[in-house]
Amino acid sequence: MNRHEVAVTGLGVMAPHGDEPGALFEALLQARSAIQPVFPELPKPAAAATVAFDETRWFTKLQLAGVDRVSQLAVAAADLALRDANLPLADADLERVGVYAGCGMGGAAALEAAYRGNGRVSPLTIPAFMPNAPAAHVAMRNGVLGPVLTYSVACASSSVAIAEAAKAIQRGEVDIAIAGGSEALIVPGVVLAWQAMQTLATFQPGEAAGAVRPFASDRSGFALGEGAAFLVLESAERARNRGARSYATLAGWGLSSDATHLTKPDAPGQARALRQALRQAGLQPRDVGYCNAHGTATRIGDVVERNALAEVWGGDFDGLRVSSTKALHGHMLGAAGAIEALITVLALHRRQLPPNANCREIDPACRMNLVMQDDSAAPALEAAMSNSFAFGGTNSVLLFRRAG
């Protein structure tokens, strides 16, 4: 079978730092946090990173009926990605176009409204809530007639979606893939549920922006975020033929299962995904200069991820620069893999690395080459990867190379 090289030709984002990838990346370089207090009515302080989103740019009032925020964000980000790729789908064979979307929890706002409606429940609650609604709305908006698939794999959802889209491009099953994910779960009920798990960061009044401290000795957990991000993938040959800009190539991906525990991560499982991605890309660990870590700032998770990286990189571990951008944009669950893949692509394209923010003192158990704010230059960077390690034990790694 002829296997195609997979090019990233478009980037689209709806994030707490805005809807322009370059502006998002600049905010990360400056370590500007979008995390702020939410829902003061809750018993315990809560913080999250939310999107300032004007839905009227993409929807009329009539079109918004039964369209949850999670789908609105997806439609906007996918549209921006196609525009960035300079790819009007009117010129494409729409049966050879696919949508591959990750979504962890579906339309949380629709479900919250139903619970709090005092018996008045919208008849559109189910179609608004279903996790495949974002992908379906992206497909309907663009007339996509090929595969339209949703991957619901907790925090790895959109990373898995991008990997599956790349497989379809590589095998020649589709010509164009709109791949990414969306999540919009900043509602009181969801925040309360995460607080009950004791995984969310604690903070003092006025200190929400710095509450998430990946790999730091004083870390206490993550803050939720919302948003959407999509990449346009096509074969490198197709991109060259149409004169498209290629940000990077998606050279390898790894998928593995811990098969040990629903919520406790496992270093050997993560290491299997890392090795698989390296193998597929034909790279050695020393060839990869940057890792956008899953880095949720939980006590157990950060150590396990560090140990997995150390196991695979061995004597080359000190040469791998690492940061977790969740400290600044929050943990977007189903959309996390997509926005972090987008950030990783930009890091490679620009040869600049976003810092590991808020880490004043690194945990000795997390010792590694963390990116500092005043040390973002990476002039020799040729390959970079993004890790997504999910509840349920699914591990997904995306490995990108600079476009040649």
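Buried means under 20% relative accessible area, exposed means over 50%, and partly exposed lies in between (1.4 Å probe, protein chains only). At 12% relative accessibility, R213 therefore counts as buried.

This is a predicted model, in which local features need pLDDT of at least 70 and side-chain atom pairs count only at pLDDT 80 or more, while totals for chains, interfaces and linings use all residues. Residues are numbered from 1 along each chain as its sequence is written, and side-chain values use heavy atoms, with hydrogens and water left out.

**Salt bridges**

A salt bridge is a side-chain nitrogen of Lys or Arg within 4 Å of a carboxyl oxygen of Asp or Glu. The structure holds 19 salt bridges. Among them are the following.

| Pair | N to O distance |
|---|---|
| E164 and K167 | 2.9 Å |
| D218 and R213 | 3.2 Å |
| K326 and E340 | 2.9 Å |

Helices (H or I, at least four residues) and strands (E, at least two) are DSSP runs, numbered from the N terminus. E164 and K167 both belong to helix 6 (residues 157-170), where they are three residues apart, about one turn of the helix. E164 is partly exposed, with a relative accessible area of 22%.

K326 forms a salt bridge with E340. K326 lies in helix 11 (residues 326-329) and E340 in helix 12 (residues 336-350), so the pair ties together parts that are 14 residues apart in sequence. K326 and E340 are both buried.

**The surroundings of R213**

R213 sits in the loop between helix 7 (188-197) and strand 7 (224-225). Its salt-bridge partner D218 is partly exposed, at 35% relative accessibility. The R213 side chain also reaches the backbone oxygen of G210 at 3.1 Å. This is a polar contact, meaning a pair of N or O atoms within 3.5 Å; within protein, one must be able to donate a hydrogen and the other to accept it, and residues adjacent in sequence count only if both atoms are side-chain atoms. Contact in general means heavy atoms within 4.5 Å. Leaving aside neighbours within four places in sequence, R213 is in contact with D218, R219, S220, A297, A357, N358 and R360.

**Strand 1 and its partners**

Nine of the nine residues of strand 1 (residues 6-14) are buried, so the strand is largely enclosed by the rest of the structure. Two strands pair if DSSP finds at least two bridges between them. Strand 1 runs antiparallel to strand 8 (residues 227-235), and eight bridges join the two. Here L11 stands opposite L231. Strand 1 also pairs with strand 9 (residues 248-257), again in the antiparallel sense, over two bridges. On that side, A7 has T249 as its bridge partner.

**Nonpolar cores**

A nonpolar core is a set of buried Ala, Val, Leu, Ile, Met, Phe, Trp, Tyr and Cys residues joined through side-chain atoms within 4.5 Å. The largest has 82 residues, and those with the most contacts inside it are Y100, I162, L224, L233 and F400. Helix 12 gives the most to this core, with ten residues. Not counting residues up to four places away in sequence, F400 touches residues including V8, T249, L250, V345 and L348. Another core, of 34 residues, lies apart from the largest one and has W58, A92, V99 and A228 among its members.
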